[in-house]
Structure formats: structure tokens, C-alpha cells
Amino acid sequence: MQDALIVKNLVKSFKLSRKQQRIEKTNLKVKVAVNGLSFTAKKGEIYGLLGPNGAGKTTTLRIISTLIKADEGDAVVDGVSVRDNPDGVRSKIGFLTSELKLEDFFTPNYLYDYFSNLHGVDKEISEKRKAKLFKKFGIDRFAEVKVADLSTGMKQKVSLVISIVHDPDFIIFDEPTNGLDVITAKTVTDFLTDLKVEGKTIIISTHIFSLVEKLCDRVGVIINGRMVVSDTLTGVCNGRSLEDVFFDLYKKEVGGNA
Amino acid sequence: MRNILVIIKKELKRFFTDRRMLISLFLPGIILYLVYSLMGNVMGDVFSADEEHVYKVAINVEEDLYIDSAFSYMAENSQIKFEKVVIKDREEAKAKFENEEIDLIVSYQKGAEGQLDSYQVFYNSTSPESTAIYGEFIPLLSSMSATPIYSVVPTDLATDEDTSMMITNMMLPFLLLTFLFSGCMAVATESIAGEKERGTIATLLITPVKRSHIAFGKVIALSVTALVSATVSFVSVILSLPKLMSGSMEGMDFKLGYGATEYLGVFAIIVITVLMFTVILSIVSTVAKSVKEATSYAMPVMILIMIVGLSGMLGASSTNPVSCLIPVYNSVQCMSMIFAQEFNPLCLLYTVLSNLAVIALGIVVLAKLFSSERVMFNK
């Protein structure tokens, strides 16, 4: 199977302000968030990045989505390098994270058209796709309601739809079900399965083991900015539960009780 | 009681340990001090004599004890240069006065039987030169005799239109600059720092749109919005000035003799200034993490703009087009020239070109800032 994403030796560190040093209780002026991280995702698969808070999952996804630049290394999305051609990568990917918010003042309908325009989607195609996605997620019921007046679940559905207005083949979801009620979370996970069936490549980051076990073909475990293991789900688990494998890896890397 | 103290302590800690809060506490006072001090200096400059100018005073008699004494005293004790011109015909003197060939007319009139002799003094309160020599000479003339054996009767020859234009020239550049800046400040901080604060800017940055296009699009949209606000303010000022003046100066008929060219010139300056302010404030808002922080950063810039705006009270201080290359100052100078009906197309051209250069540079900086993760994702 063809590689959709090749991540090679990513390194990313952040300067710590005095305030951050106090919060992190450290004298170090630099925090290494991602340290020589490499992995590969195949076309048409769902790849799950698993790791505790602060492990470097979000930083990795933000580098792949070109929101931030790596200090070293590169990520190649469908043959396009994030380092050499970030604009090219942005047109190929859809990115959904809780950090990306929608403007409260506008309606889902307006925002869909706005982002569709920015992605250069043909008007007719955009209208058809909007009708299909709005119906699927039930957004058509509140398409003309301002984002400010929507519930968290409704907002997440709108964000999800807007992240894929341009029908990208490569989609990145950072903690896609975080903060959602069980019904909305189910809608999102079902949609990820649909996208996989359509042949899309999906990268998700999560710390929910069941989500990875249910959806992912491959899994990578990140601890302290390093990729501890990256393989097919069967290859990683080898007959054991993902939770057990993860905590064994965590103990080995960090030491002590997980 | 103890609870009240606990609350007081917490509130005071909140106010006096937050840098932004401290700025907002002390900055208004500092601004007032700076603005009033500068206004005092500017007004002093306007009403004091120009030591390089030769003031011409027309008198209608060859010799007069009191006038000559006043001139002698002024020659010995004052730094100003003056020249006495004898013009016996009052109408001829007035014609020369209107042509600005002379700065003051002193006309001696013998009093009728049982009445005091008088000196009629004609000056123009809207002319800095006439006002300066009037201020120097008249107190001297009035004090030349210890006993009241003559009277000094001042007459202001300034027309209502002269007065209207002087007031407009003094007030409008400052008011316009302040309105333009505050109009831009409201929209720029909300649109950029507000989007950063709410996390909606990241949604935009993830699209394949070039950062420079995002920056340019924002600046144009913000400028249009600020321009609408500025135009409303400008029209309001123009419409309200006659009411303000007729209320404060009884009997004054406020009228401005400006034509379409003057208004178009002012509008061109407003447009270019709004664009420049929008770019400057967009940069400030991009660097800031929140609307509140952006407003704090914009305040010192606003003080600077207000100080430059006050220079308009001096009128067009220089006809040298090179001075029209200094951003913001050139807008004030150009407006002053136009309001004083001394329109200089070269100055307007220099103003537009230099401000366009600042705008272009600002957009490049803004695009760089939009590409900087440190700036765009600083929390």
C-alpha cells in the first residue's frame, strides 16, 4: 500500500518564558516537545497517535498541518513536503482540532461558504457537498443560527464539516471526540469510518484506547516526544489489550507506576 | 469587618499586580500631562512674536509723541524687528493690510470738544503676525501716559470666514487624526487580536490562502470600516462646528470658503491616513495576545498621534515638501495647508507616496507576523 504520510525525524522545541518555567517547575529555558519522531501512514488507513497529555501528539499534528514549523526533520503529505511547500500541503489536508474555533457572529451556512471559497471549491460542487454534509450531521436544522447560540456538540459538528469543505484525501483529527456527549461522539466516529470507506487517509490523536481499537489500522505510541512504537494495531497489541500494552510501554519509558 | 478587608486586599492585589491594569490606571494622567503641556507650548509659539519677521505698522501721522515713545521703548526692550510706515489714507492702509503688506494699522484721531483723543488700532486676530505685533505694541501705547488723556480702540478686521477657517485649521487636523485612529483602533484590535484570543485565526491559517493575502484582505476590510467611521466623524465635525462656534462666539456667522478641491484633498489624506493607521494597528494587534493587550499597546501610539495632531494648531509650519515625507506629520501638514487655503499639490503627492510606502512596508511586516508561529500562537 502507498504511503500517504512520511514523518522523518521531527524535532520541535519551545522556548519557555519565566512564567512557563514557574508553571513547569524547571530551570530549563527550552522544552523539547517532539524529539526525533518518525512514522508512516498508508493511504486509505486510519492511523492513531496515542499518548498521555503533553506527550507531543498535538505538536506533531500541528507540524503536519503546517500551523507550526519543525526545528528539524520533515513530513511529506501525499508527496508534498510541509517544509518546502506548506501552501501545497494545506490544500491537500483537512485539520480539525479543538484549538480551531469558529467565529461566533456567523452562521454555519455562511462559514461553510466562506471556507469553501477560500479553498477554491466550485460553487455548484460546494452547494451539493454542503447539502449532503449538513443533512448527515443534522446541521441543516440550525444552518442559519449564529455559532454563538449553538451547543458544544453542534459547534463541533460544524467545525468537523468545515474542516473538510474541500473534500481532502488526507484528514487530521486532534482529539476529535473530546468534550462531546456520547451521541455526538458516536456521530463523529461513524463519520470517520465512512471517510475510511471513501478511501481517505486519516490521522487521529487521542488517549481513548477503545477509539483506537475500534477505528485504527495502525497505531503509534508517543511518550515524552518520542515514538515508542509504530505498527499495525495487531502488531502492537499481539493479542493483548491496547491499554495493557500502553501502560507497559509507559512504565518502561517513564518508570514507576503509571 | 475582616471579610471586607479580605475583599479589599484581593481587589487591590488584582489592580496593582496586573501590568495592564497599572497602565490603564496611570496612562490617562500621563496622556493629559503630555497633551496639555504640548498644547501650552504650541499655543505659546502661535501667539509669540517671530523674531525673523519684520512687522510693519502703518500710522496716519508723521510724528506722534505717544506712538513714537511706544516704538522707541519697543526698539530698546523687545527682540522683534519692526518698521513704521506712514500711510495717511485709511482705505489705502486697509487695502495693504488685506494684502498682508502691513501687519497693524494705528490711526490717530483728535477728539471732539470735551472728548479724549483716540488711537484706533486695526488688527487681524486670525493672522499670527498681526496678533503678535498687536500683543506687543498695544500695551505699550496704552501705558505711555500715566493719566488718561487718550483712548486706544482696537478693531479686529478678521472676517467671519477668516475666523471660521482659523478655528477649523486649528481644530480639524487634531480632531480628525484622533477620530481616524480611534475608529481604526476599535476595528483592528477586534478583528485581529480578537480572532487570536478566540482561536478563530488558526482556522483561517489552516486554509491554503497565502498569509500575505490574509493580511492584505484584513487591512482593506478594516480600512473600509474605519473609513466609514471616519467619514461620519468628519461630516459630523463639519456640520457641528458652526453650531459650536455660534454658541461660543456670539454673533459670529461661521462659514467655510472651501471648495470641492479642498474637500477632495482632505478626503484623499483621510483615506491614506486611515490605511496607514489600520496597518500600524493591525501590527500592534497581531503582536498582542488579546484585545485588552492590543488596546494597551495602542495607547502609547495614540498619544504619539495626538501629539503630532497638535502640531496642526501651529498651521502649516513648513512649505518644504520634504517635511511631507514624515508619516502622520505629513497628513497634519497637508490638512493644515488645505484648511489655510495654501494647497500644495507637491506636498499632497509626497504625503500620499510616503504613506503608501509605509503601508506597503507594514503589509510586508504583517504578512511576516502572520507567518510567525511565535506571534500567532503565543499564549
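## Basis and chain B overall

A residue is called buried under 20% relative accessible area, exposed over 50% and partly exposed in between, using a 1.4 Å probe and protein chains only. By that rule, 46% of the 379 residues of chain B count as buried. This is a predicted model, in which local features need pLDDT of at least 70, side-chain atom pairs count only at pLDDT 80 or more, and totals for chains, interfaces and linings use all residues. Residues are numbered from 1 along each chain as its sequence is written, chains are lettered from A and ligands numbered from 1 in the order in which they are written, and side-chain values use heavy atoms, with hydrogens and water left out.

Chain B has 13 helices and 5 strands. Both are DSSP runs numbered from the N terminus: helices are H or I with at least four residues, strands E with at least two. Contact means heavy atoms within 4.5 Å. Of the contacts in chain B between residues at least 6 apart in sequence, 76% join residues at least 24 apart.

## The interface of chains A and B

Chain A gives 22 residues to the contact and chain B gives 18. About 1,800 Å² is buried between the two chains, 58% of it on carbon and sulfur atoms. Buried area is the accessible area (1.4 Å probe) that two parts lose on being put together, summed over both. On the chain B side, B:Ile206, B:Pro208 and B:Glu373 lose the most area, together 34% of what that side buries.

Between the chains, 2 salt bridges are counted. A salt bridge here is a side-chain nitrogen of Lys or Arg within 4 Å of a carboxyl oxygen of Asp or Glu. B:Lys210 forms one with A:Asp87, their closest N and O atoms being 3.3 Å apart. Helix H6 (160–198), helix H7 (200–205) and helix H13 (373–376) of chain B each give two or more residues to the side that touches chain A. H7(B) gives the most, with 5 residues.

Strand E3 (residues 46–50) of chain A is mostly covered, with 5 of its 5 residues buried. A:Ile46, A:Gly48 and A:Leu50 point one way; A:Tyr47 and A:Leu49 point the other. Two strands pair if DSSP finds at least two bridges between them. E3(A) pairs in the parallel sense with strand E8 (residues 201–206) over 5 bridges, and A:Ile46 stands opposite A:Ile202 there. E3(A) also runs parallel to strand E9 (residues 218–223), over 4 bridges. In E9(A), A:Val219 is the bridge partner of A:Gly48.

Helix H2 (residues 57–64) of chain A has 7 of its 8 residues buried. Among them are A:Lys57 and A:Arg62. Just after H2(A), A:Thr66 takes a positive phi of about 75°.

The structure holds 18 aromatic pairs over all chains. A:Phe105 and A:Phe106 form one that is edge-to-face, at 5.3 Å centre to centre and 90° between the planes. Rings of Phe, Tyr and Trp (its six-membered ring) pair if their centres lie within 6.5 Å; planes under 30 degrees apart count as stacked, over 60 as edge-to-face and the rest as tilted. A:Phe105 is exposed at 56% relative accessibility, whereas A:Phe106 is partly exposed at 24%. Ring pairs link both into a cluster with A:Tyr110, A:Tyr114 and A:Phe115.

A:Ile162 lies in helix H6 (residues 152–163) of chain A. A:Ile162 counts as buried because its relative accessibility is 5%. Not counting residues up to four places away in sequence, A:Ile162 touches A:Leu102, A:Leu111, A:Tyr112 and A:Phe115.

## Salt bridges within the chains

Over all chains there are 23 salt bridges. A:Asp78 and A:Lys43 meet in one, at 3.1 Å, N to O. The two residues sit in loops, 35 residues apart.

A:Lys130 of helix H5 (residues 123–137) and A:Asp113 of helix H4 (residues 108–118) form another, at 2.9 Å. A:Lys130 is buried at 8% relative accessibility, while A:Asp113 is partly exposed at 25%. In chain B, B:Glu62 and B:Lys88 meet at 3.9 Å, N to O. Both B:Glu62 and B:Lys88 are exposed. Salt bridges that share partners join A:Asp113, A:Lys123, A:Glu127 and A:Lys130 into one network.
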